[in-house]
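These are my notebook entries on two chains and the contact between them. I put down what I looked up, entry by entry.

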Amino acid sequence: METKTMIDYTHRQAGHCESGATSNLLRFYNQEISEPMAFGIGNGLYFSYIPFLKVQFAPMISFRNLPNTVFHRSMKYLGIDATVIKKFKDPKEAMLALDRNLEKGIPTGMQVGVFNLTFFPPEYRMHYNMHNMVCFGKEGNLYHISDTVMETAHVLTYEDLLRVRYAKGVFAPEGKMYWINSVNKELDIRTAVSMGIKKTVYEMIKVPFPLIGVKGLRWMGRDLKKWPKKHGPEKASFYLGQVLRMAEDFGTGGAGFRFIYGDFLKETGEMFNHSELLETSRMMGKTANRWREFTYIGARNCKNRSKPEEDYSMLGDMMIEIAGMEEQVYKKLDKIKL
Amino acid sequence: MEENSNPVYTDQRYGQSRELLYTYDKDGQFHRNVGYHGEPDRVILQQAWDHFGERIEDARQKVLAGKASPIAYYMEKLLADPLNLSMMVGMSLWRVKWHLRPAVFKRLNEKTLNKYAEVFNISVEQLKKVE
């Protein structure tokens, strides 16, 4: 039985997988929301450092919110009717639901694990279950997939898609899928932006828990200095590498997110003609460049392991400095009334 | 240090897939460029894969010396730790750790072995030996 359903869906490359998917899905419904915009409204910016939980043999560091926050929150704040199905018990049922959606002509987003993703470059295939992509067509056994990290659209077989949708481990996707039902003609972007910024500021500086947001960054900076003494140079180097991998890879990573957020602030500042937002965007841009510098120096440190103690204390100080810079931005954002 | 310390590389040598990268320059503009990740990225990725390779080789030696069960080797090959593996096979953590002992592994029944083999994507025969 040869069935073919293709939805007229444009694939655009983006920096962050989920905000890119959100932006592309909205574009399908004739709403031009750019990727930084979706990222900013949906609270893409986040940080948490959990030293006692080990992921891939190193402390857990996350630069993004729980999976699906960006899509869910941006839909909520923009007031769009969307559906999120958190999990399917039966994998076959999950695939059938996807088929039904495609027949109705609805492009559907999914949470997947990266480890078994066949079109992904092999060096990025680690156990990482918070990746997002959009399925927009089916041809017999093949599914057409738009992965915003990739330059072009790709195809996956039924078995491969099932495997990545049911990847196991931390934050297992369990067949999670989401789509947009209908979009009103006029979107109230101003309210959405205001709510989005408020929530981001809350998550970065106001959460009363020391491992989340700016406080988490500071904590990590302090820990970073202790690593060579506590774990020895080999392990310290690997841990530092893990920080950098999280800050650089996996869809631009944490350092890249600062650029996207800065771009979001700039875009909103221009949209509402707001000088303070433009200033915060400049501050954010500088912070982002400082992050890049941090990863650059850190990577050099990983490469030649001479004199580790000295370098680590310097990197730790740099991290704390970055945390201070970011705190300034969020404090300024907190005062802005939109 | 120059303003833009991590430029966008357009050279094929710096990776396999091109990504969309955001940059910020001195005049306060954000740019979107399609290019490869830079040198730092390759260093840290290489470091991770070296580390995994070492762990796999370590586990292989242990299994050949009879100090660990083949599950330990295949677990490392899957880049998993016992906690991760326990989630994948759907058993408790201590039970997975228990199965890492060679003596315990020999007594495992077919059903349990099948569960592991399915996760490792190999046959039960392959699971029993390490080349």
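Entry on the strands of chain A. I looked up β4 (residues 81–85) of chain A and found that it pairs with β9 (residues 177–182) of chain A in the antiparallel sense, over five bridges. Strands here are DSSP runs of E of at least two residues, helices are runs of H or I of at least four, and both are numbered from the N terminus. Two strands count as paired if DSSP finds at least two bridges between them. Asp81(A) stands opposite Ser182(A) in β9(A). β9(A) is also joined to β5(A) by two bridges, and these strands run antiparallel. There I found Gly109(A) opposite Tyr178(A) of β9(A).

Entry on the source. This is a predicted model, in which local features need pLDDT of at least 70 and side-chain atom pairs count only at pLDDT 80 or more, while totals for chains, interfaces and linings use all residues. Residues are numbered from 1 along each chain as its sequence is written, and chains are lettered from A and ligands numbered from 1 in the order in which they are written.

Entry on the domains. The domain assignment of chain A gives domain 1 (4–32 + 81–182) and domain 2 (189–335); such bounds come from an automatic or database assignment. Taken over C-alpha atoms, the centres of these two domains of chain A are separated by 29 Å.

Buried means 20 or more other C-beta atoms within 10 Å of the residue's own, exposed means 12 or fewer, and partly exposed lies in between, with C-beta atoms placed from the backbone.

Next I checked α6 (residues 189–206) of chain A: its 18 residues should span 26 Å at 1.5 Å a residue, and its end C-alpha atoms are 24 Å apart, which agrees. The expected span is 1.5 Å times one less than the number of residues. Among the buried residues of α6(A) are Ala192(A), Gly196(A) and Met204(A).

Entry on chain B. Which elements does chain B have, and in what order? From the N terminus on, the order is β-β-α-α-α-α-α-α-α, which comes to seven helices and two strands. Of its 131 residues, 31% count as buried.

Entry on the contact. I counted 32 residues from chain B and 39 residues from chain A, where contact means C-beta atoms, placed from the backbone, within 7 Å. α1(B) gives the most to the side of chain B that touches chain A, with nine residues.

Entry on single residues. Asn273(A) sits in the loop between α8 (253–272) and α9 (275–303) of chain A. Its phi is near 55 degrees, a positive value in a residue other than glycine. Asn273(A) counts as exposed, with 8 C-beta neighbours inside 10 Å. Asn121(B), in the loop between α6 (110–120) and α7 (124–128) of chain B, has a phi near 60 degrees, also positive. Asn121(B) is exposed, with 11 other C-beta atoms within 10 Å.

Key: Two residues are in contact if their C-beta atoms, placed from the backbone, lie within 7 Å.
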